[in-house]
Amino acid sequence: MASTSAAPAAPATSPAEPILEVTGLVKHYPLTRGVLFRKQVGAVKAVDGVDFVLHRGETLGIVGESGCGKSTVAKMLVNLEKPTAGRIRYKGEDVTKLSGRALRAVRRNIQMVFQDPYTSLNPRMTVGDIIGEPYEIHPEVAPKGDRRKKVQDLLDVVGLNPEYINRYPHQFSGGQRQRIGIARGLALRPEVIVADEPVSALDVSVQAQVINLMANLQSEFDLSYIFIAHDLSIVRHISDRVGVMYLGRIVETGRDAEIYEHPTHPYTQALLSAVPVPDPEAREHRERIILSGDVPSPTNIPSGCRFRTRCWKAQERCALEVPALAVPAEFRHTGGPAAHDSACHFAEEKQVVPPEEPREDHGDTGA
Amino acid sequence: MPEPMPPEPLLSGGGRVPEDGAIAATGMGGAMDLATAEGETLERAPAGPDGTGPTDRPRSLWSDAWRDLRRNPVFILSGLVILFLVFVSLWPSVIASGSPLKCDLAKAQEGSQQGAPFGYDGQGCNVYTRTVYGARTSVTVGVLATLGVALFGSVLGGLAGFFGGVWDSVLSRITDIFFAIPVVLGGLVLLSVVTSNTVWPVIGFMVLLGWPQISRIARGSVITAKQNDYVQAARALGASNSRMLLRHIAPNAVAPVIVVATIALGTYIALEATLSYLGVGLKPPTVSWGIDISAASPYIRNAPHALLWPSGALALTVLAFIMLGDAVRDALDPKLR
């Protein structure tokens with residue numbers, strides 16, 4: 001089992017053993033030309049070398065703008081897409097090479113909650129059939145006579161009336177549907193749940209309910225979450241650690257306070273400066289970083305640092321040398337919250353979000 | 001009409017909540033425990049707005065569809081017409097005495113009279129008897145051709161849509177080729193060499209030329225259905241290809257096939273008439289509305305009844321099947337409930 005240089009971010013703070021270990025994950029979609037004679041003319045580099053570790057009972061938030069490869073990572077984790085390269089180790093076992101029975105066993109333990117509760121539930125199946133389907137696919141989990149009871153228990157766990165078992169998805173609201181999706185994810189008692197933007201299709205008022213439900217379930221069932229979102233405040237609310245993705249790579253990762261209060265990567269700083277600030281006074285004083293230009297095409301990724309085309313700090317070195325995801329040299333000996341992995345040659349601390357306390361309170365009461 | 005559902009146990013829980021009450025009940029908290037839920041069902045059930053009793057089995061799509069259909073007057077009406085047609089096809093002699101082949105030229109083109117309510121046609125044959133006996137061939141050709149087309153087309157198209165790749169490309173080009181064959185010309189060429197007196201060559205010809213239409217529709221709707229998140233969700237759970245196809249894709253892709261197939265059923269009955277008119281479809285002494293319509297068309301001014309009765313029967317049959325298809329489609333789509 002090889003370990004790479006870009007290994008775990010917070011070794012000291014997470015004593016639990018890693019449950020999921022991702023190294024050098026790559027997904028390239030080939031671009032072909034021609035109908036009869038297919039010729040590869042390039043590749044969309046959706047995910048281009050992602051490493052992270054997920055510990056038991058922990059939530060890892062992954063943020064980034066649309067198209068940065070977050071969802072592709074999620075799909076590879078639950079084996080909906082085969083990675084082009086790299087390893088996904090679940091409890092030390094590489095799951096990318098598995099098939100058949102062994103793959104099914106792993107799938108039981110890594111489940112997914114989908115983004116859109118309106119399309120992720122089969123409209124022609126009753127709620128009981130939807131939540132009970134995992135038991136039909138993995139009959140060893142629950143004997144036949146037990147299933148109905150188990151499904152009703154699950155409905156109860158996610159806060160729905162167990163009597164609703166015979167209803168169809170269209171008879172529910174968006175938030176209730178997402179609860180059904182979560183119940184389906186929980187049915188097999190998985191250890192890891194990959195949530196791909198689980199609340200971005202919901203009303204803001206309902207988002208908080210669903211997030212809090214997920215947080216409660218985490219402690220009840222000892223779950224580990226990979227929580228993917230583009231809403232920074234929601235990721236902060238639920239995550240223990242956060243990884244910031246840009247153009248198929250993680251550019252900065254650390255504990256939530258490290259990322260939100262002491263960001264060292266310019267992209268993270270730009271991202272955080274765009275978060276709406278509820279306090280008008282604080283809003284007056286903050287500095288907004290407006291990035292110029294667009295995200296480069298994933299078919300044609302810039303040399304060196306992939307953020308350099310939009311970075312105000314970019315210098316010649318950035319075009320030549322790919323910055324490694326590691327604690328930057330200037331913070332290596334200082335310690336403190338700024339000493340976390342950041343893939344930038346010119347990393348420096350810059351506080352762009354007002355201090356933690358009032359924000360956290362606000363988020364909680366709003367929930 | 002036969003009642004396929006087993007008697008519903010009255011004293012059981014896990015209640016079915018009346019649909020009309022669904023929205024209101026959603027507001028009640030989820031804290032109700034199972035024991036009370038069972039008791040409640042008993043009290044609430046008789047008050048259900050639709051009067052149906054509670055059932056304890058989980059409701060499936062098809063049982064719900066059936067429940068819907070039973071209450072749909074369009075379905076009942078078209079179903080009765082079709083049942084009557086099927087009955088007449090099986091036992092025509094129950095309502096029509098005499099042979100449809102017994103003709104008396106002396107009575108040619110005579111109007112309605114005792115023993116021949118629809119009058120006589122140009123050959124002096126009893127129009128009533130022939131119309132009754134003609135139902136058998138029209139219904140047989142229409143139903144069998146539709147079944148063959150629907151099965152063959154949806155299986156081929158569905159598999160091509162699901163698996164994609166090379167087979168999809170090959171199949172799509174083959175359907176293009178079949179679409180390029182003109183139906184009437186193809187019928188003239190292919191059926192003119194057949195000497196059989198049965199309905200099978202005609203049915204076979206319709207399946208041969210009809211499957212690409214259904215295949216395209218099935219392929220398209222399978223491709224749409226398989227991109228849905230719930231199919232991805234099933235795959236993430238570890239579902240097999242057959243489970244994804246049968247449980248998730250097929251039920252969500254079958255509605256367009258049913259609709260197109262029922263509409264096609266009418267056109268197949270009409271196509272049988274066309275081919276018979278041209279002399280390559282069914283041949284006398286087979287009794288068919290198509291043959292009778294073409295035989296009566298020269299006398300339309302003198303004896304319109306000989307044309308109108310079989311035409312009317314044809315139109316009624318086509319209408320009944322189309323209404324049935326419509327009712328089935330509505331019942332299969334829970335979103336319309």
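A residue counts as buried if 20 or more other C-beta atoms lie within 10 Å of its own, as exposed if 12 or fewer do, and as partly exposed in between, with C-beta atoms placed from the backbone. By this rule, 40% of the 337 residues of chain B are buried.

The structure is a predicted model, in which local features need pLDDT of at least 70, side-chain atom pairs count only at pLDDT 80 or more, and totals for chains, interfaces and linings use all residues. Residues are numbered from 1 along each chain as its sequence is written, while chains are lettered from A and ligands numbered from 1 in the order in which they are written.

**Chain B.** Helices (H or I, at least four residues) and strands (E, at least two) are DSSP runs, numbered from the N terminus. Chain B has 12 helices and zero strands. Two residues are in contact if their C-beta atoms, placed from the backbone, lie within 7 Å. Among the contacts in chain B with a separation of 6 or more, 73% are between residues 24 or more positions apart. Helix 11 of chain B, residues 289-296, is mostly covered, with seven of its eight residues buried. Those buried residues include Trp289(B), Ile291(B) and Asp292(B).

**Strand 9 of chain A.** Strand 9 of chain A covers residues 241-246, and six of the six are buried, so the strand is largely enclosed by the rest of the structure. Arg241(A), Gly243(A) and Met245(A) point one way from this strand, and Val242(A), Val244(A) and Tyr246(A) point the other way.

Two strands pair if DSSP finds at least two bridges between them.

| Partner strand | Residues | Bridges to strand 9 | Direction |
|---|---|---|---|
| Strand 3 of chain A | 59-63 | four bridges | parallel |
| Strand 10 of chain A | 249-255 | six bridges | antiparallel |

Leu60(A) stands opposite Arg241(A) of strand 9, and Met245(A) stands opposite Ile250(A) in strand 10 of chain A. Strands 9 and 10 of chain A form a hairpin with two residues between them, and Leu247(A) in the turn has a positive phi of about 50°.

**Confidence in chain A.** The predictor's confidence in each residue is its pLDDT, from 0 to 100. Chain A has a mean pLDDT of 82, and 91% of its residues reach 70 or more. Over residues 1-14 of chain A the pLDDT stays under 50, and the model has 22 contacts for them beyond four places in sequence. Residues 356-367 of chain A also have pLDDT below 50, with 11 contacts in the model beyond near neighbours in sequence. Where pLDDT is low, the predicted coordinates should not be read in detail.
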